[in-house]
Amino acid sequence: IFPSKYIHIGGDECPKTSWKNSDECQEIIKKNGLKDEHEFQSYFIQRIEKYLNSKGREIIGWDEILEGGLAPNATVMSWRGFDGGVAAAQSKHKVIMTPGEFCYFDHYQGEPDTEPLSIGGYTSVAKVYQFDPVPATLKADERQYVLGAQGNVWTEYMPDNKQVEYMVFPRIDALSEVLWTNAENKDYVRFCSILPEQFKRYDVQ
């Protein structure tokens, strides 16, 4: 059904209170010598990874999969800032940078009073253009593990495709330049000057 080499397993925003109050979960923790619920999550992630690896696949998970110990071959998507991606790269794991403050296109892109209702946050086109997916804190040999970045758009507050397109464009253009243009060639003023021509292409669609 899913021919991709990579399988994204999620792994984010798992409330651990229910595991703490579950006799069955606590029995698994005790049986496997796990320290706490964080290691319990890691135990589960590593079991899933082992299974998918046996099928010739690799897992991707949000940066919460770092909690309790990272599965051996996992790729990390760092959404809660850069720290998770940095930690993964320093451990020689592949990373996709997608920090919310730069890459979440469901955030407002203008003053909330003048924009359609959104989930919150503020991520302007200029903010996206400032994004550098490879943190300076990484050493030269660690930077190779940053595969790239991803823009995200969650649609809880978007009733139709028209609204999705409004939220994605032109911020996706800014992210494209960030990822496909050498740093020395980046110029926000130049970028803004070519957007009107890009808007014509949007209108054709």
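How many positive and how many negative side chains does the chain have, and how far apart do the centres of the two sets lie? The chain has 22 positive and 31 negative side chains, and 7 Å separates the centres of the two sets. The model described in this report is predicted.

## The chain as a whole

The chain consists of 205 residues, and buried residues make up 42% of them. Along the principal axes, its C-alpha atoms fill a box of roughly 60 × 40 × 35 Å. Contacts between residues at least 6 apart in sequence include 54% that join residues at least 24 apart.

The secondary structure comprises 9 helices and 5 strands. Read from the N terminus, the elements follow the order β-α-α-α-β-β-α-β-α-α-β-α-α-α.

## The sheet

The strands form an open sheet of 5 strands, ordered E1-E2-E3-E4-E5 and paired in parallel. The edges are held by strand E1 (6–10) and strand E5 (146–149); each has a single partner strand, so one side of each is left without a neighbour in the sheet. From one strand to the next, the twist averages 25°.

The pairings may be followed strand by strand. E1 and E2 are joined in the parallel sense over 4 bridges, and Gly 10 stands opposite Gly 61 in E2. E2 in turn runs parallel to E3, with 3 bridges between them; here Trp 62 has Met 77 in E3 as its bridge partner. Strand E3 (residues 75–78) is also joined by 3 bridges to strand E4 (residues 95–97), again in parallel, and Ser 78 has Met 97 in E4 as its bridge partner.

Strand E2 (residues 58–62) is mostly covered, with 5 of its 5 residues buried. In a regular strand, side chains alternate between the two faces of the sheet. In E2 both faces are covered: Glu 58, Ile 60 and Trp 62 are buried on one side, and Ile 59 and Gly 61 are buried on the other.

Helix H8 (residues 171–180) has several buried residues, namely Arg 171, Asp 173, Ala 174, Leu 175, Glu 177 and Val 178. What do the buried residues of H8 pack against? Their partners are helix H5 (100–103), helix H6 (125–129), helix H7 (161–168) and helix H9 (188–204).

The loop between H7 and H8 contains Pro 170. The peptide bond from Phe 169 to Pro 170 is cis, and its omega is near 5°.

| Residue | Loop | Relative accessible area |
|---|---|---|
| Glu 13 | between E1 and helix H1 (17–20) | 57% |
| Lys 92 | between helix H4 (83–90) and E4 | 56% |
| Leu 34 | between helix H2 (23–31) and helix H3 (37–54) | 18% |

Glu 13 is not a glycine, yet its phi is positive, at about 50°. Lys 92, likewise a residue other than glycine, has a positive phi near 65°.

Is Glu 13 buried or exposed? A residue counts as exposed over 50% relative accessible area and as buried under 20%. Glu 13, at 57%, therefore counts as exposed. Lys 92 has a relative accessible area of 56% and is therefore exposed as well. Leu 34, with a relative accessible area of 18%, is buried.

Which residues is Leu 34 in contact with, leaving aside its neighbours within four places in sequence? They are Ile 28, Ile 29, Glu 39, Phe 40 and Tyr 43. Leu 34 and Phe 82 are 48 residues apart along the chain, and their C-alpha atoms are separated by 28 Å.

Notes: Residues are numbered from 1 along each chain as its sequence is written. This is a predicted model: local features need pLDDT of at least 70, side-chain atom pairs count only at pLDDT 80 or more; totals for chains, interfaces and linings use all residues. Side-chain values use heavy atoms; hydrogens and water are left out. Helices (H or I, at least four residues) and strands (E, at least two) are DSSP runs, numbered from the N terminus. Buried means under 20% relative accessible area, exposed over 50%, partly exposed in between (1.4 Å probe, protein chains only). Contact means heavy atoms within 4.5 Å. Lys and Arg count as positive and Asp and Glu as negative; His and the chain ends are not counted. The place of a charge is taken as NZ of Lys, CZ of Arg, CG of Asp or CD of Glu. Two strands pair if DSSP finds at least two bridges between them. Axes are lines fitted to C-alpha atoms, for helices over the stretch in contact, and angles run from 0 to 180 degrees between N-to-C directions.
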